[in-house]
Amino acid sequence: SYERILETRRTHLTPNLLAHFKKPLVIHAGHMQWLFDHEGRRYLDMFGGIVTVSVGHCHPKVNEALSEQSSKLWHTTNIYMHPKIHEYAERLVAKFPGNLKSVCFVNSGSEANDMAMLLARMHTGNQDILSFRNAYHGMSPYTMGLTAHSTWRFPLPGVNNGLIHVMNPDPYQGIWGGSACRDSPVQTKRECQCQDYCQAGDAYYTQLEETFKFSLPRGKVAAMFAESIQGVGGTVQFPKGYLKRAAALVKSNGGLFVADEVQTGFGRTGEHFWGFESHDYLPDIVTMAKGIGNGFPLAAVVTTPEIAASLGEALHFNTYGGSPLASAVGLAVLDVIEEDGLQRNSLDVGTYFLKGLAELQQRFEIIGDVRGKGLMIGVELVSDHVKRTPLSSPHVLDIWETCKDLGVLFGRGGLHGNVLSCRPPLCLTNDNIDFSLDVLSTALIKHIN
Ligand code: PMP
């Protein structure tokens with residue numbers, strides 16, 4: 001029963017799980033963009049199991065691939081070869097530009113980023129790695145250091161070894177705020193006439209240059225990590241051109257640039273298959289997880305054969321990576337994205353959503369900012385529109401829970417937890433958007449009154 005599940009959770013599960021609803025939700029089933037609770041109530045899943053259910057819960061084609069492979073072979077470990085991993089590797093690397101043709105399969109985003117850190121250090125012979133304020137790259141002891149968001153960090157010794165955080169050029173809440181705009185010192189995004197927010201984060205770029213001059217031994221670096229849109233950090237989009245300049249600077253100082261596509265990959269941002277493509281630069285290493293497996297534990301690191309070779313003869317091993325089951329699921333996910341035109345759908349439905357949200361923003365001062373691309377959208381809630389003061393947690397939780405009670409599950413993100421995160425399965429429809437907008441406006445009206 002419902003009560004028994006809650007009791008077991010209290011007594012037998014570690015307390016670190018993220019169940020913030022006053023009345024916790026127990027999910028029993030899922031179908032495409034819908035989830036069903038213990039009483040059979042239906043919810044629109046606007047968070048996709050934290051950006052993971054890319055093509056839809058229990059998608060029939062993925063189910064079929066999984067069950068077909070499960071009756072043949074689940075696991076071998078990588079001592080032996082099996083056909084699926086080769087078929088999958090070939091299909092996956094075909095999705096990349098340039099010479100990004102070598103793939104290593106692992107099981108989670110943290111593991112993929114761990115591997116990328118190792119590769120960069122082995123390849124360059126340098127130690128230091130840069131990441132951005134507000135970044136999330138994982139929770140393994142290694143990647144926790146890259147994650148620059150105090151909520152997600154434990155006071156472990158050595159967590160920052162060889163890691164340096166730089167300011168993220170956040171056009172809305174960045175500490176240098178409107179000064180990121182080269183053309184005019186705008187105070188709000190609405191006043192800014194520049195396309196895609198502002199043209200370049202000059203102050204932030206200068207800080208990056210200074211970091212090379214003053215913090216890095218001989219100006220050398222192993223790598224810089226960047227999400228193409230900061231996800232957990234609250235759907236933060238960097239000004240156009242920034243990552244391209246940053247990547248060039250890193251490369252000219254002997255480092256590699258790592259694109260963390262854990263949230264932004266697999267067509268989520270609509271415009272391109274990978275988020276980095278919207279920033280018009282070519283990373284040296286790309287890490288991916290979540291949407292790659294639609295919920296099956298699967299992740300990968302893709303790089304060039306030259307960089308991959310720097311692991312040399314060292315045995316880098318994990319038991320499950322690229323198992324027959326995982327590879328079969330990964331292949332089916334790629335098939336569905338292509339056959340169902342999900343990247344295009346993400347762009348179309350996401351654009352429709354952004355338009356609806358912009359209209360909502362005109363009606364509600366509490367909506368400070370609306371941003372994102374494709375079906376990766378953030379709605380930043382504020383208590384003061386002009387000062388952009390983040391709405392405090394109890395208020396955000398109240399709105400969030402009302403949306404849940406009305407049948408829509410949003411996520412939450414941002415340094416202050418005040419950004420509603422929308423990352424639904426990519427099969428979402430415009431009707432689903434209309435429903436979400438209705439629910440959100442009802443929840444805001446209820447909260448304000
Ligand atoms: N990178 C990004 C951008 C993420 O959002 C996450 C997970 N939220 C990770 C890495 C870590 O992935 P995992 O939880 O699978 O270790």
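A: What follows describes the ligand and its surroundings, then one of the residues there, and finally a pair of packed helices. The model is predicted, and the distances given below are computed from its atoms.

Around the ligand there are 13 residues, and those that come nearest are Gly109, Ser110, Asp260, Gln263 and Lys290. By type, the residues of this shell divide into three nonpolar, seven polar and three charged. Helix α5, which spans residues 109–124, supplies the largest share of the shell, namely three residues.

Ser110 has a polar side-chain atom 2.6 Å from an oxygen atom of the ligand, and a polar side-chain atom of Gln263 lies 2.9 Å from an oxygen atom of the ligand. Tyr136 takes part through its backbone, where a polar atom is 3.3 Å from a nitrogen atom of the ligand. Taken alone, the ligand exposes 390 Å², of which the protein buries 84%.

Leaving aside residues up to four places away in sequence, Ser110 touches His137, Gly138, Met139, Ser140 and Thr143. Thr77, by comparison, is 33 residues from Ser110 in sequence, and the two C-alpha atoms are 20 Å apart in space.

Turning to the helix pair, helix α7 (residues 202–214) packs with helix α8 (residues 242–252) at an angle of about 10°, and their axes are 11 Å apart. Because angles under 35 degrees count as roughly parallel, α7 is described as roughly parallel to α8. On the α7 side the contact is made by Asp202, Tyr204, Tyr205, Leu208, Glu209 and Phe212, while α8 contributes Tyr242, Arg245, Ala246, Leu249 and Val250. The residues of this contact divide into eight nonpolar and three charged, with no polar ones.

How values were computed
Residues numbered from 1 in each chain as written. Predicted model: local features only at pLDDT ≥ 70, side-chain atom pairs only at ≥ 80, totals over all residues. Heavy atoms only, no water. Near = heavy atom within 4 Å. Polar contact = N/O pair within 3.5 Å; in protein donor to acceptor, adjacent residues only side chain to side chain. Areas by Shrake-Rupley, 256 points an atom, 1.4 Å probe, with all protein chains shown as cover. Helix = DSSP H or I, 4+ residues; strand = E, 2+ residues; numbered from the N terminus. Nonpolar A, V, L, I, M, F, W, Y, C, P; charged D, E, K, R; others polar. Axes fitted to C-alpha atoms, helices over the stretch in contact; angles between N-to-C directions. Parallel < 35°, antiparallel > 145°, perpendicular 65-115°, else oblique. Contact = heavy atoms within 4.5 Å.
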